[in-house]
Amino acid sequence: MKKINIPPQLSVRLQTASRILSLPLRAIGLLLGDLIYLLVKSVGVGIRGICGFFRRRQAAAENAVRQYRTKRSILHLLGSVVAGESGILRTVLRFAVPLTSCALLWTVVQQGMHQQYGVAVAVDGKMLGIIENESAYMEAEEIVRRRLDSAEDAEQVDFSRRFQLQRLSASDMLLTAGQLAELMMQNAGIELTEGYGVYVNDVLQGVVTETHPIEAAMTRQLSAFCNKLGEDAEQVHYADTVRYEFGLFPSERFTDAQKLANKLTAVTHSTRIYTAVSGDTVKSVAARFSVTQEELYALNDELPVIIPYGRKITVPVTVHYMPIVYTRRVNALAMIDFDTVRTETNSLPEGREEVIMRGTKGERRNHQVITYTDGVQTAVETVRSVLTVKPIDREIAVGTFKAQPYSTDTVIDGIGKYVWPVDGGRITCPFGSAGGHIGLDIGAAEYSEIYAADGGVVQYAGWEPGYGNFVILLHDDGYQTVYGHCVELLVNPGLQVQRGDVIALVGSTGDSTGPHLHFEVRENGVRVDPALYLRVNAD
């Protein structure tokens, strides 16, 4: 067999790799050996324990048999079974004592849980009774203060109290807050009489022996008010809360029921001045203040059906001792203001504005629930709103066109139909000069911008020997403007342009001796003086 020669470097690397791999393999082997050893030891210990258990049980059984064979052994066996360390008696006692203790503890806890407690109340050193908790006393104190409100005996009640927790027996009864309040007043020596306290918004108005006269009077007043308002009134009720409380009250607070009813339903009449707003009519004002149109006519001489804005109107006012609240459902027409939109445009000179579109107000139909208190509107709730007419914004054009002659000495006092058509420049040859010049020459630097004097359509844009490069604009009113001798044209025929749009650049093409704009205005094809239509530095 042929022998293979391994290079020394490779041999060293192989030896190193084998040593590195042998370390984890050795560790795994040791771990497996330890696990097997522990398993064997555990099994051995378990087997020895089981064998010892059976040996002990066998020895005990043989010993018991031997003892059983003799009377003495039998007695000893019975004694050990009954009273021995592991006998029946000790075993029973070992379990019975804890169980009995637990049962006694449970019984005590149950009795404590079902035991009722109360708070004994002593006022001014005298025990009055037992209440459920301290909050019942606070409520009773509030009842006493309400019933003695403005009474002469109010200062006689001593509110110093003492609380004590007390276990309730079967015969003990808990006092309510009302019962405790009455005991507190009796304890103060105040003369009390049983009756009905009449409260308005928790303020005692008086005490009566019967409430029927008061209830009947209030019902009649609401019914009469409803009949006056008509069927369009809803939810008619008193603004104040009336409450009746039965119990013991100071005798001095008692009053006649009918007298108190008259007080609660009392009405005072007066007038007020109302200033009419836009859209007011006799009918709308009468509805606003819950009066009749006849009442308005009686208080105001020569009152027109449509009331002028700012007119002072005398309106009757009815004020109830207890204000009456009601609601009405109405469909009100509300106007919506339009917005103003300002748009910059070079079709107007800088600083000049023109209204492009007049604004129009919109309309909205509002379904509202209006709340009145004693006939005066106090709240408005819009439950549904429908847009019937959409507002149209007002549009204003703001001029940004700044083209003016070089010098403010150049003044042209025309009508301002057209704007100055050159960025800068000066007049070098007026209309009609030099043997009948047919336009207005404006000298300016070459390549200066030329603007459309007004909006229109490019009728012609091209070359002609006399004009050179030139543009003709046809305007909406039939007039034409001409722009000649341009170095460059920036528009094509048919293009729609606006006032101030750049259409060409100043040059000296055609029959020209220097850079300038030849500007013409033609009316029905006849050339007219452009200065009549320009207005420059004249204002």
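Trainee: What covers the buried residues of α5?
Mentor: The cover includes β1 (117-123), β2 (126-131), α4 (134-147), β4 (192-200) and β7. Before going on, please note that this is a predicted model, where local features need pLDDT of at least 70, side-chain atom pairs count only at pLDDT 80 or more, and totals for chains, interfaces and linings use all residues. Residues are numbered from 1 along each chain as its sequence is written, and side-chain values use heavy atoms, with hydrogens and water left out.

Trainee: Thanks! Which residues of helix α5 are buried?
Mentor: In α5, residues 177-187, they are Ala177, Leu180, Ala181, Glu182, Met184 and Met185. Buried means under 20% relative accessible area, exposed means over 50%, and partly exposed is in between, with a 1.4 Å probe and protein chains only. Helices (H or I, at least four residues) and strands (E, at least two) are DSSP runs, numbered from the N terminus.

Trainee: What follows α5?
Mentor: Gly189 does, and its phi is positive, near 80 degrees. Glu191 is in the loop between α5 and β4.

Trainee: Glu191, buried or exposed?
Mentor: Glu191 is exposed, because its relative accessible area is 60%. Leaving out residues up to four places away in sequence, Glu191 touches Phe249, Pro250 and Ser251. A contact here means heavy atoms within 4.5 Å. Glu191 and Phe249 are 58 residues apart along the chain, and their C-alpha atoms are separated by 8.2 Å.

Trainee: Which side chain does Glu245 join in a polar contact?
Mentor: The side chain of Arg147, at 2.9 Å. A polar contact is a pair of N or O atoms within 3.5 Å; within protein, one must be able to donate a hydrogen and the other to accept it, and residues adjacent in sequence count only if both atoms are side-chain atoms. Not counting residues up to four places away in sequence, the residues that Glu245 touches include Ile143, Arg146, Gly195 and Tyr196.

Trainee: New topic: helix packing. What describes two packed helices?
Mentor: The angle between their axes and the distance between the axes.

Trainee: What angle and distance do α6 and α7 have?
Mentor: Helix α6 (residues 212-229) and helix α7 (residues 257-264) pack at about 30 degrees, with axes 8 Å apart. Therefore α6 is roughly parallel to α7. Axes are lines fitted to C-alpha atoms, for helices over the stretch in contact, and angles run from 0 to 180 degrees between N-to-C directions. Angles under 35 degrees count as roughly parallel, over 145 as roughly antiparallel, 65 to 115 as roughly perpendicular and the rest as oblique.

Trainee: Which residues make that contact?
Mentor: Pro213, Ile214 and Ala217 of α6 meet Ala257, Gln258, Leu260, Ala261 and Leu264 of α7. By class, the contact of α6 with α7 has seven nonpolar, one polar and no charged residues. Ala, Val, Leu, Ile, Met, Phe, Trp, Tyr, Cys and Pro count as nonpolar, Asp, Glu, Lys and Arg as charged, and the others, Gly among them, as polar.

Trainee: And Lys228, where does that lie?
Mentor: Lys228 lies in helix α6. Lys228 is partly exposed, with a relative accessible area of 46%. Its C-alpha is 9.0 Å from that of Thr292, 64 residues apart in sequence.

Trainee: Which strand holds Val521?
Mentor: Strand β25, residues 516-523. Val521 is buried, with a relative accessible area of 0%. Leaving aside neighbours within four places in sequence, the contacts of Val521 include Tyr418, Tyr479, Val526 and Tyr533.

Trainee: Last one: how many helices and strands does the chain have?
Mentor: The chain has ten helices and 27 strands. Of its 539 residues, 33% are buried.
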